[in-house]
Amino acid sequence: MCSVLSKKNIEENVQVSETLNSSDTCDCKDFEKPGETVVITRKGDELPSNYLNQRIFGLLIPALKETLIEASKWNALRVQKCRFNGLDYISEILWNRNPRRSQIYFPSLNVFDIPPFREYLRLHPRPYYPKSWLWSEDEAALYIQRYVRGWFVRKRADVQEMRQFWKVSK
């Protein structure tokens with residue numbers, strides 16, 4: 001096991017992921033703790049899991065935490081008809097904290113002042129009231145169940161085959 005964790009492999013930028021178990025014997029003084037995991041990755045390693053951990057979750061998880069805190073301030077988790085919109089809040093946070101944004105605005109932009117969102121809302125205006133305000137809980141449950149059942153049916157292999165047949169035959 002020590003040969004895997006040698007300095008030669010580390011210098012060659014080889015990806016190493018080993019766990020030292022209590023049953024393994026190792027004369028190495030650097031890795032004396034059993035159960036310790038050593039992960040060495042190459043610089044610029046762009047595996048999907050590494051990309052998500054390094055680039056996406058670092059921004060998204062704090063934004064989600066802040067959104068939950070703000071939703072609890074607005075009491076949006078208990079009241080059905082609340083003015084707080086979680087998607088707008090997350091969009092605003094992610095836009096204002098985006099490290100790749102070319103222009104930095106101070107103070108932070110409101111979601112309705114963000115240029116791409118303003119353009120989208122110009123082309124697709126929002127209704128006066130969201131559907132969550134117009135539907136009762138039973139009616140909303142029916143719409144959700146209808147959508148999920150339709151998705152399960154469309155996912156079935158025989159239905160996929162029939163849809164492909166009719167798509168090709170047209």
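Helix 2 supplies five residues to the lining of the second largest pocket, the largest share of that lining. The model is predicted. Helix 2 spans residues 48-74 and is also one of the helices that each give at least two residues to the lining of the largest pocket.

**Second largest pocket**
- The volume of this pocket is about 280 Å³.
- Its lining consists of Tyr51, Arg55, Ile56, Leu59, Leu60, Leu94, Asn98, Pro99 and Arg100.
- By class, six of these lining residues are nonpolar, one is polar and two are charged.

**Largest pocket**
- The largest pocket holds about 660 Å³ of space.
- Its lining is made up of 25 residues, and those nearest the centre are Arg83, Phe84, Asn85, Asp88 and Arg126.
- Besides helix 2, at least two lining residues each come from helix 3 (86-96), helix 4 (115-123) and helix 5 (131-134).
- Helix 3 makes the greatest contribution to this lining, with five residues.
- The lining divides into 16 nonpolar, five polar and four charged residues.

**Fold and chain**
- Seven helices and two strands make up the secondary structure elements of the chain.
- Their order along the sequence is α-β-β-α-α-α-α-α-α.
- Among contacts with a separation of 6 or more, 34% join residues 24 or more positions apart.

**Burial and surface**
- The chain has 170 residues, and 15% of them count as buried.
- The accessible surface of the chain is about 14500 Å², with 56% of that area belonging to carbon and sulfur atoms.

Terms used:
Residues are numbered from 1 along each chain as its sequence is written. This is a predicted model: local features need pLDDT of at least 70, side-chain atom pairs count only at pLDDT 80 or more; totals for chains, interfaces and linings use all residues. Side-chain values use heavy atoms; hydrogens and water are left out. Helices (H or I, at least four residues) and strands (E, at least two) are DSSP runs, numbered from the N terminus. Buried means under 20% relative accessible area, exposed over 50%, partly exposed in between (1.4 Å probe, protein chains only). Contact means heavy atoms within 4.5 Å. Accessible areas come from the Shrake-Rupley method with a 1.4 Å probe; for residues, only the protein chains shown count as cover. On a 1 Å grid over the protein atoms alone, a cavity is a set of points where a 1.4 Å probe fits but cannot get out, and a pocket is an open set with protein on both sides within 12 Å along at least five of seven lines; lining residues have an atom within 4 Å of a point. Grid points are joined across faces, edges and corners, and a volume is the space filled by probe spheres set on the points. Ala, Val, Leu, Ile, Met, Phe, Trp, Tyr, Cys and Pro count as nonpolar, Asp, Glu, Lys and Arg as charged, and the others, Gly among them, as polar.
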